[in-house]
Amino acid sequence: MGPDKNAAIAELASTGKLRAAINFGNPILANRNAAGEAVGVSVDLAREAARRLGVPIELVLFNSAGNVVEAVKARQVDLAFVAIDPVRAADTEYTAPYVIIEGAYLVRNASPLQRNEEVDRAGTRVVVGRGSAYDLYLARELKAATLVRAPTSPVVTDVFLAQNLEVAAGVRQQLEADAVRVGGVRLLPGRFMVIEQAMGVPKGRMAAQAWLSAFIEEMKASGFVANALQRHGIQGAAVAPPRKH
């Protein structure tokens, strides 16, 4: 006996359609194509889930993870693609992760900083996207350095340069692209954190969570997630391992 599909439909499409939050703040999950349409692994997964449930889909577009989390909390969306974080668990039921993403630090070439461990020092200002998983993580972990919050993750490097800050923090792919774009900067080796990206639904919607959990395991095992990452040219995100039973 698998999860109850009808119960899941009742929770995931209570308005008659599946309202899926798509976050452009994380380029690994979603981007706009030349026509301005949403594309990416999260879009593919949302469409496939709706197809299997036999319900219409509405993509609800956001520019930051913080705004997505608020929409889940307010039950303005039925499904979201979010980083697993203990703070957000108060409002969200998660599946197991489908993608793992590395968080990295960016500094100027002339910076004395050489290692991730050197960042957390007094006088070091670290800029992050407000409400992003990096913001939540570093707010807990940094003891001496100061966090500066940019409006969204994609503008972190520009704020870092404009305000002459010491470190920019975010998803490795975004920072690598920024480094090519702006020049004169480098990423510190390795990663300061690993983010697990999962599907999430509003708290208490356990039938939806159960159905999506089985769905996401199948999407990982079948190669759907790997193929989507490859098709959209996503570098540096790995398919998450199977859920431990």
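Which residue follows H6 with a phi that is positive? In this predicted model, that residue is Gly183, whose phi lies near 70 degrees. The helix that precedes Gly183, H6, spans residues 172–182 and has Arg172, Gln173, Gln174, Leu175, Asp178 and Ala179 among its buried positions. The elements that cover these buried residues include strand S7 (99–108), helix H5 (156–162), strand S10 (167–171) and strand S11 (185–187).

The setting for these details is a chain with 8 helices and 13 strands. The radius of gyration is 18 Å, close to the 18 Å that the globule rule gives for 245 residues, and the chain is therefore as compact as a globular protein of that length. Taken along the principal axes, the box filled by the C-alpha atoms has dimensions of roughly 60 × 35 × 30 Å. Of the 245 residues, 53% are buried, and, among contacts between residues at least 6 apart in sequence, 72% join residues that are at least 24 apart.

Helix H3 (residues 65–73) also has a buried set, made up of Ala65, Gly66, Val68, Val69, Ala71 and Val72. These buried residues of H3 pack against strands drawn from several parts of the sequence, namely S1 (18–23), S4 (57–62), S5 (80–83), S6 (92–94) and S12 (193–202). Just after H3, a positive phi of about 60 degrees is taken by Arg75.

Strand S12, one of the strands against which H3 packs, contains Gln197. Gln197 counts as buried because its relative accessibility is 4%, which is under the 20% cut-off. The side chain of Gln197 reaches the backbone nitrogen of Ala83 at 3.4 Å. When neighbours within four places in sequence are left aside, the residues in contact with Gln197 are Asn26, Leu29, Phe81, Val82, Ala83, Pro97, Tyr98, Val99 and Ile101.

Asn26, one of these contacts of Gln197, is found in the loop between S1 and strand S2 (31–32). With a relative accessible area of 9%, Asn26 is likewise buried, and its side chain reaches the backbone nitrogen of Ile28 at 3.0 Å. Apart from residues up to four places away in sequence, Asn26 touches Ile101, Val171 and Gln197.

A packing of two helices brings together H1 (residues 5–12) and H7 (residues 206–221), whose axes come within 7 Å and cross at roughly 115 degrees. The crossing is left-handed, and the contact is made by Lys5, Ala7, Ala8, Glu11 and Leu12 on the H1 side and by Met206, Ala207, Ala208, Trp211 and Leu212 on the H7 side. By class, this contact comprises 8 nonpolar and 2 charged residues, with no polar residues.

Helix H8 (residues 224–231) includes Arg231. In contrast to the buried Gln197, Arg231 counts as exposed, since its relative accessibility of 52% is over the 50% cut-off.

Key: Residues are numbered from 1 along each chain as its sequence is written. This is a predicted model: local features need pLDDT of at least 70, side-chain atom pairs count only at pLDDT 80 or more; totals for chains, interfaces and linings use all residues. Side-chain values use heavy atoms; hydrogens and water are left out. Axes are lines fitted to C-alpha atoms, for helices over the stretch in contact, and angles run from 0 to 180 degrees between N-to-C directions. Helices (H or I, at least four residues) and strands (E, at least two) are DSSP runs, numbered from the N terminus. A crossing is left-handed if the near helix is turned anticlockwise from the far one by less than a right angle, and right-handed if clockwise. Contact means heavy atoms within 4.5 Å. Ala, Val, Leu, Ile, Met, Phe, Trp, Tyr, Cys and Pro count as nonpolar, Asp, Glu, Lys and Arg as charged, and the others, Gly among them, as polar. Buried means under 20% relative accessible area, exposed over 50%, partly exposed in between (1.4 Å probe, protein chains only). A polar contact is a pair of N or O atoms within 3.5 Å; within protein, one must be able to donate a hydrogen and the other to accept it, and residues adjacent in sequence count only if both atoms are side-chain atoms. The radius of gyration is taken over C-alpha atoms; the globule rule is 2.2 Å times the number of residues to the power 0.38.
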